[in-house]
Amino acid sequence: MSDTFVTPDRARRIARWERTATRLEVLAAWLIALLWLAPLAYIFWAAFRETEVALSFQPFTGWTFDNLVTVWNTAPFDRFYFNTTVLVIGLSAGQIILGSLAAYAFARYRFPLHNFMFTLVLLQLMIFPEVLLGENFRLVANLGLADTLAGIGLPYLASAFFIFLLRQSFKSVPLELVEAAEVEGASRLEILWKVYVPVARPTIIAFGLVSVSFHWNNFLWPLVITQSVESRPITVGIYRFLSPEIGINFTALTAGTVITVLPLLALFLVAQRAFIQNFLRSGIK
């Protein structure tokens with residue numbers, strides 16, 4: 001057997017190519033980041049500009065806070081914020097509780113039609129929510145929950161993605177830990193809370209962040225099921241600024257968008273390190 005010999009020149013060429021590849025990867029990452037940030041940056045730019053100069057590049061003139069003040073006073077954004085906060089917190093909590101119980105059952109116990117029922121859960125991942133708009137509307141209306149926050153949240157209360165993700169995390173828990181807890185006299189719920197949940201905490205937190213972001217920005221289903229200000233979330237609340245009957249006020253639209261995304265953006269900027277760490281530990285891409 002002959003040893004592979006790398007000459008100094010070849011080693012230098014390999015190192016040079018590796019450095020070049022690293023620089024290209026960093027450059028590509030920066031380009032993608034700039035492409036993603038450009039629309040958001042322009043929205044913030046236009047939201048604080050006077051209408052006459054919103055579409056032009058005049059950085060030293062035309063700055064104003066009037067757009068935000070006008071939009072806030074025109075629509076009941078305090079009510080929209082309240083509705084959205086209640087909806088998002090309630091939905092995320094419900095998804096985590098129901099998903100944890102379902103994932104615990106699928107990971108820990110064997111029962112009749114176990115594989116068939118888990119297959120049904122996986123099938124839900126292949127169905128886009130928009131496909132079920134009509135059926136969901138009929139179900140919610142028959143239950144008398146149309147135009148309510150409960151009606152908005154009901155179709156999303158059980159998350160197949162979370163059940164699948166958490167089941168995989170729960171299956172990594174050593175059986176010896178479960179048996180030790182059973183010997184100590186722990187109940188099934190105590191085993192879930194004290195053994196399984198601590199192991200899967202990064203996954204739960206990461207999913208909670210995804211759920212909050214998704215339902216804060218969800219638009220189509222709330223638009224279909226709500227009719228009154230009392231039940232509209234903030235995304236549907238700013239829809240009035242897109243009304244073709246009165247024309248589009250571009251600066252008002254961007255100001256409304258800023259009002260909508262600002263809480264989530266501020267939350268991410270404050271706790272971005274914790275967010276990234278939990279996503280890396282959970283394995284969510």
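Predicted model: local features only at pLDDT ≥ 70, side-chain atom pairs only at ≥ 80, totals over all residues.
Visitor: How does 113-133 come out, in helix and strand?
Guide: Residues 113-133 are 57% helix and 0% strand, with 29 Å between the end C-alpha atoms.

Visitor: Where does Leu113 sit, then?
Guide: Leucine 113 is in the loop that runs between helix H3 (77-108) and helix H4 (114-124). Its phi is near 60°, which is a positive value in a residue other than glycine.

Visitor: Is Leu113 buried or exposed?
Guide: Leucine 113 is exposed, because its relative accessible area is 58% and the cut-off for exposed is over 50%.

Visitor: Switching to pockets: how much space is in the largest one?
Guide: The largest pocket holds about 830 Å³ of space. Its lining is made up of 23 residues, and those nearest the centre are Gln124, Pro129, Tyr156, Ala158 and Ala160.

Visitor: Which helices supply that lining?
Guide: At least two residues come from each of H5, helix H7 (160-170) and helix H10 (201-217), and H10 gives the most, with five residues.

Visitor: How do the lining residues divide by class?
Guide: The lining of the largest pocket has 17 nonpolar residues, six polar ones and no charged ones.

Visitor: And the second largest pocket, how much space and which residues are closest to its centre?
Guide: About 590 Å³ of space lies in the second largest pocket, which is lined by 16 residues, with Trp36, Ser213, Leu264, Leu265 and Phe268 the closest to its centre. Two or more lining residues come from each of helix H1 (8-47), H10, helix H13 (250-270) and helix H14 (272-282). By class, this lining has 14 nonpolar and two polar residues, and no charged residues.

Visitor: Where does that second pocket lie relative to the domains?
Guide: The second largest pocket lies between domain 1 (8-48) and domain 2 (66-283), because both domains give residues to its lining.

Visitor: How far is Glu130 from Ala38?
Guide: From C-alpha to C-alpha, glutamate 130 and alanine 38 are 28 Å apart in space, and they are 92 residues apart in sequence. Glutamate 130 lies in the loop between H4 and H5, and at 48% relative accessibility it counts as partly exposed.

Visitor: Stepping back, how many helices and strands does the chain have?
Guide: The protein chain has 14 helices and zero strands. Its radius of gyration is 25 Å, well over the 19 Å that the globule rule gives for 285 residues, so the chain is more spread out than a compact globule.

Visitor: What does the C-alpha trace span, and how much of the chain is buried?
Guide: The C-alpha trace spans about 75 × 70 × 35 Å along its principal axes, and 33% of the 285 residues count as buried.

Key: Residues numbered from 1 in each chain as written. Heavy atoms only, no water. Helix = DSSP H or I, 4+ residues; strand = E, 2+ residues; numbered from the N terminus. Buried < 20%, exposed > 50% of the residue type's maximum accessible area, 1.4 Å probe, protein only. 1 Å grid on protein atoms, 1.4 Å probe; cavity = no way out; pocket = protein on both sides within 12 Å on 5 of 7 lines; lining within 4 Å. Points joined across faces, edges and corners; volume = space filled by probe spheres on them. Nonpolar A, V, L, I, M, F, W, Y, C, P; charged D, E, K, R; others polar. Domains from an automatic or database assignment. Rg over C-alpha atoms; globule rule 2.2 N^0.38 Å.
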